[in-house]
Amino acid sequence: MKILLLVTGGRGGSDFFQGLLDGHDEIYQFPGILRPTKNFEKIFEMKNPIKIANKFIEYAPNFFDSSNDSHERHNSLGKNKNQHYKVNKKNFINNFKNLHNYKTLNNLEILKMLHEAYYLARGKKTKKIKILFIHTHTVEMTRQFLKIVKLNNYSIIHTMRNPIEAIYSPIKNWLKFKKGKFFAPRDLFFQIDLSLNGISDLLKINNKTYTVLLENLLTKRRAVMKDFCKIFKIKFSTKLLNCTYFGLQWWGDSVSGRWIGKSQKNLKPKNLNLSKYFFERDINYFKFLSYEISKKYYGEKYNLSENKNIYINIFPMKAEILVWKNTFKHKRVKPKVYIKRLLSIPHFYLKRVILINKFFIKNNYFPYSIGSK
């Protein structure tokens, strides 16, 4: 069985890509992210199969009843945005108990059995399964996941988008989502670093990495999904062209603030007003830093003159100033959290100046982009 880990770039369409694989009879996947939390780790510390199954239900309750999953909007699925899914917990526990049968298993074997028990509880057939598809989401979460579930042979799928848009989109969406309550200096640095260093960081983890460009998912989806099936030796189906969860239409997460639906044009940025979040020097700086990525995946999108080759930028960026103001504004968070966020302003500013520049960002190798041929 092939194992694939899904890792996102900045608003790179990872949930969208996962939804395209929904229902394929040769793929195991849970309907969401497997976050490597302490509760996730505790699942594998238990020996009793009933306790393992119950701990997994406690860890991922939305996998068994999505009616409360408003963040990913799995509570608003289907044609009329009023459906959700359920999986019988008792059936899942009994299935896992029978599969486990009190054997001594490693963490990967337990994880595979959890998937199989879940699919059996859904009434799905499991004999044709060829791929275990796991959404680990971020680079750091992928590292933590691999510490818990030891993998020797696996591939990484990295969904990404144009670097400038990959920085712009999360800033725009997260500052707007619940008035920016969840977007602090740490998060801004994370998004910038992910957009510029995500590929090289993933290659350090595993050189069997592929990219999936969000732009290609929008304009040449059939080619991308056919190529994906060819690479990993599974059958292509037209079901792979529509984004669903449990066969129900998915309309996008709550952070985007849009109901994307089936329309490709609804997924494209409506108003890419870069000047709202970037000074002109910021845009030139990011273009210079991302030039190699843009050349490889987007055909030399930027033509840079010599006076725009900025190797290091010590001036505060417009996005940084906006996030700093946003941090000061949210005084109603817990005092410890508020103080920590205030202290993080100079920390992540200096970290950005020192680490996000041409001297540290060196992408020398670029993985194959699925659907590019």
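**Exercises: pairs, strands and helices**

K130 and E26 make a salt bridge, with their closest N and O atoms 3.1 Å apart. By the way, this is a predicted model, where local features need pLDDT of at least 70, side-chain atom pairs count only at pLDDT 80 or more, and totals for chains, interfaces and linings use all residues. Residues are numbered from 1 along each chain as its sequence is written, and side-chain values use heavy atoms, leaving out hydrogens and water.

**Exercise 1.** Work out which parts of the chain the pair K130 and E26 links.

*Solution.* Start with the rule: a salt bridge needs a side-chain nitrogen of Lys or Arg within 4 Å of a carboxyl oxygen of Asp or Glu. Next, find K130 in the loop between α5 (107-121) and β3 (131-137). Then find E26 in the loop between α1 (14-20) and β2. They sit 104 residues apart, so the pair links distant parts of the chain. Counting by that rule gives 7 salt bridges.

**Exercise 2.** Find the order of the strands in the sheet.

*Solution.* Strands here are DSSP runs (E, at least two residues; helices are H or I, at least four), numbered from the N terminus. Two strands pair if DSSP finds at least two bridges between them. Now zoom in: β1 (residues 2-8) and β4 (residues 155-160) share 5 bridges, and T8 stands opposite T159 in β4.
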